[in-house]
Amino acid sequence: MITVTKLGKHLGARITGVDLSKPLDDNSFAQVYEAFFDNEVVVFPGQKLTPPQQIAFTQRFGTLEHHVRKEARLADHPEIFILSNKVNDQGEAIGAQDAGRFWHSDLSYKTHPSLLSALYAIEIPVKDGKPLGDTRFASSTAAYKALPEAMKQKLAELKNIHSYRDYRIKNYAAQQEDMRLGIRTVQEHAPTPEQLASVPDMATPVVRVHPVTKRKGLFVSEGHTSHMYDMPQEEGDKLLRQLYDHITSPEFVYTHHWEPGDLLMWDNIALQHKATFDYDPLPRLLYRTTVRGPAVADSKVLA
Ligand code: SIN
């Protein structure tokens, strides 16, 4: 029997009674689908998944992405994006070891931002009996709902720029600084000119309606928003800071403490997330699959 146990006030649930290594029948899938979109982030503990099994389960929700960072894809399974601080025999990072440094939703800079991501925990660092490398999730739908009416009206007219280029350059610089300080021990792959040129900036509305739940959410993030569109820089930055602080206030946040075998799935339209880098040099390894979402209404590609 499938059991759904809520974890937080606004978001988060644990789903037990399903074995994701086997195809779910339509009725079980419908229950999982409903619980997922209702709770925005769900964990299926104790799973034993091969890459094809993870791919088969997440594909039930839509088309899987092949990440622009080819060096972090799993060989023979381009749908799997490796998150890890482990290195190969040449001493190079085997995946992205610095993803999630800033609050963001996955691939929000694309013409079709991600609908959801599923992250499967293979190796989780533990110190003094406590798992390290937590991931935090913030509900941008609950945060939107809690805004004063005047602010909702103001935001309805506004757009912001999601920029892959800005994000990669900012993230890489911060990682280099961590390396210099000795906080991180594995050199992240530098963004290539081809990667930076391959994803154009997007101007997208600040408020987005979720295609499944119809909830409204805030579509801005400190990781991927470079600036407000058509607004003086100082005024835009102030507004963005106010929104970031609001979205990530404790009442809208769920913190996941990982265990090996967790398959955690989150809604990228309803949530933002952030990684915690407190474990180097202990090894951490997770596999991510990401489902493509619909284009954002009223968004446009910038040259
Ligand atoms: C991410 O997908 O942003 C990474 C999350 C994590 O490694 O905790």
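This is a predicted model: local features need pLDDT of at least 70, side-chain atom pairs count only at pLDDT 80 or more; totals for chains, interfaces and linings use all residues.
Strands S15, S9 and S17 together make up an open sheet of 3 strands, arranged in the order S15-S9-S17 with antiparallel pairing. The edges of the sheet are formed by strand S15 (253-256) and strand S17 (271-275), each of which pairs on one side only. From one strand to the next, the twist averages 20°.

## Strand S10 and its partners

Strand S10, made of residues 159-162, is joined by 4 bridges to strand S11, made of residues 202-205, and these two strands run antiparallel. Within this pairing, His162 has Met202 in S11 as its bridge partner.

S10 also pairs with strand S14 (residues 225-228), again in the antiparallel sense, over 3 bridges. Here Asn160 stands opposite Met228 in S14.

Ala13 lies in strand S2, which spans residues 13-16. With a relative accessible area of 0%, Ala13 falls under the 20% limit and therefore counts as buried.

Leaving aside residues up to four places away in sequence, Ala13 touches Val4, Thr5, Lys6, Leu7, Asn39, Val41, Val42 and Val43. Of these contacts, Val42 is 29 residues away from Ala13 along the chain, while the C-alpha atoms of the two residues are separated by 4.8 Å.

Conventions: Residues are numbered from 1 along each chain as its sequence is written. Side-chain values use heavy atoms; hydrogens and water are left out. Two strands pair if DSSP finds at least two bridges between them. Axes are lines fitted to C-alpha atoms, for helices over the stretch in contact, and angles run from 0 to 180 degrees between N-to-C directions. Buried means under 20% relative accessible area, exposed over 50%, partly exposed in between (1.4 Å probe, protein chains only). Contact means heavy atoms within 4.5 Å.
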